[in-house]
Amino acid sequence: MNKYLNEILIIILLITVALCGVFSLDFTNATFYMNQYGDSVKLFGSGIYKADSYFKATIFIGTDIAVLLFVVPVFIMALVKNIKNETSKTQLRLLSIEAISLYYAASLCFGVKYNRIFVLYVALFALLFFTLISRISSFNKNQVCYNAKKSDYVFLVFSGISLCIAWWPDIIPTIINSTSLSLIENYTTEATYILDLGIISPLCFIAIYLLRKNHPMGTTIYAILLQSIIVVAVMMITQSAFQYLSGVDLPLPALISKSMIFVILGLISLFLDKKLYKTLNKD
């Protein structure tokens, strides 16, 4: 069991951090202040997200709910299956759920305003980062290669481009007009843009290259991307639900261009994910 001590600690931290976020749910303590750009910003005012904007806090809480109800159960099931019978399939599933958990931890570390459980964010991030490196290194020694089909490559291209379509329109006008982001509020940057445009989108095209070369890392990255997109789709649903309940104004164009894109990608990812693991079962 000591072999999986890191995973056990990660699950405990995921539950703890997510619960702290959920227990912050209170729409009645919002306050306003003037940010560094001269704009009036509505702060959430409750729990660990009290210093975060009202808009962002509802997104964070929606994400925490998705982590508790979806990510943690999937993580536990993947860990139990791997402990009972460690195979290439169970290892791949485990490191895939660890990867999207790392994305969540990074979002907390870099996206949430500093609060009293920041040290837990850092501990979660560090544990996931080093555990994931160890698992990927171990897994790729098995030389597991997935024979990707045209549909897999098309999906990866579409996913990589979709992230650009979702986020670049927010960024380009600020470059042209020398202004801040429209929803910068009380932040200095947007962590999601960094993670999606700087890591996830390029990984889609790196996966294509490696899959075509029959490199084991291509299979690993592809599995991680599929799992990540599935989880992000679930998060988008819970985020949108909590924003609606909080009274946050959700413009239809933004809802379609962002939330719906990820939900559609998530459904396709679910299908391709099943196909990937079905193929691995035959190997």
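Predicted model: local features only at pLDDT ≥ 70, side-chain atom pairs only at ≥ 80, totals over all residues.

A crossing of two helices is called left-handed if the near helix is turned anticlockwise from the far one by less than a right angle, and right-handed if clockwise.

Select helix α1, residues 5–22, together with helix α2, residues 54–84, whose axes come within 8 Å and cross at roughly 160 degrees. Angles over 145 degrees count as roughly antiparallel, and α1 is therefore roughly antiparallel to α2. The crossing of α1 and α2 is left-handed. To see what lies between them, show the side chains of E7, I8, I10, I11, L14, I15, A18, L19, G21 and V22 in α1, which meet I61, D64, I65, V67, L68, V72, F75, I76 and L79 in α2. Coloured by class, the contact of α1 with α2 has 16 nonpolar residues, one polar and two charged.

Next, move to the loop between β2 and α2, and select S53 there. Is this serine, S53, buried or exposed? Its relative accessibility is 0%, so S53 counts as buried. A polar atom of the S53 side chain lies 3.0 Å from the backbone nitrogen of K56. If residues up to four places away in sequence are not counted, S53 touches V41, K42, L43 and F44, and also E185, N186 and Y187.

Stay in this loop, between β2 (40–43) and α2, and select S46. With a relative accessibility of 5%, S46 counts as buried, because the cut-off for that class is under 20%. The side chain of S46 reaches the backbone oxygen of D26 at 3.3 Å. Leaving aside neighbours within four places in sequence, D26 is among the residues in contact with S46, along with S24 and N29.

For the last stop, select helix α6, residues 191–212, and helix α7, residues 216–246, which pack with their axes 8 Å apart at an angle of about 140 degrees. The crossing of α6 and α7 is left-handed.

Methods
Residues numbered from 1 in each chain as written. Heavy atoms only, no water. Axes fitted to C-alpha atoms, helices over the stretch in contact; angles between N-to-C directions. Helix = DSSP H or I, 4+ residues; strand = E, 2+ residues; numbered from the N terminus. Parallel < 35°, antiparallel > 145°, perpendicular 65-115°, else oblique. Contact = heavy atoms within 4.5 Å. Nonpolar A, V, L, I, M, F, W, Y, C, P; charged D, E, K, R; others polar. Buried < 20%, exposed > 50% of the residue type's maximum accessible area, 1.4 Å probe, protein only. Polar contact = N/O pair within 3.5 Å; in protein donor to acceptor, adjacent residues only side chain to side chain.
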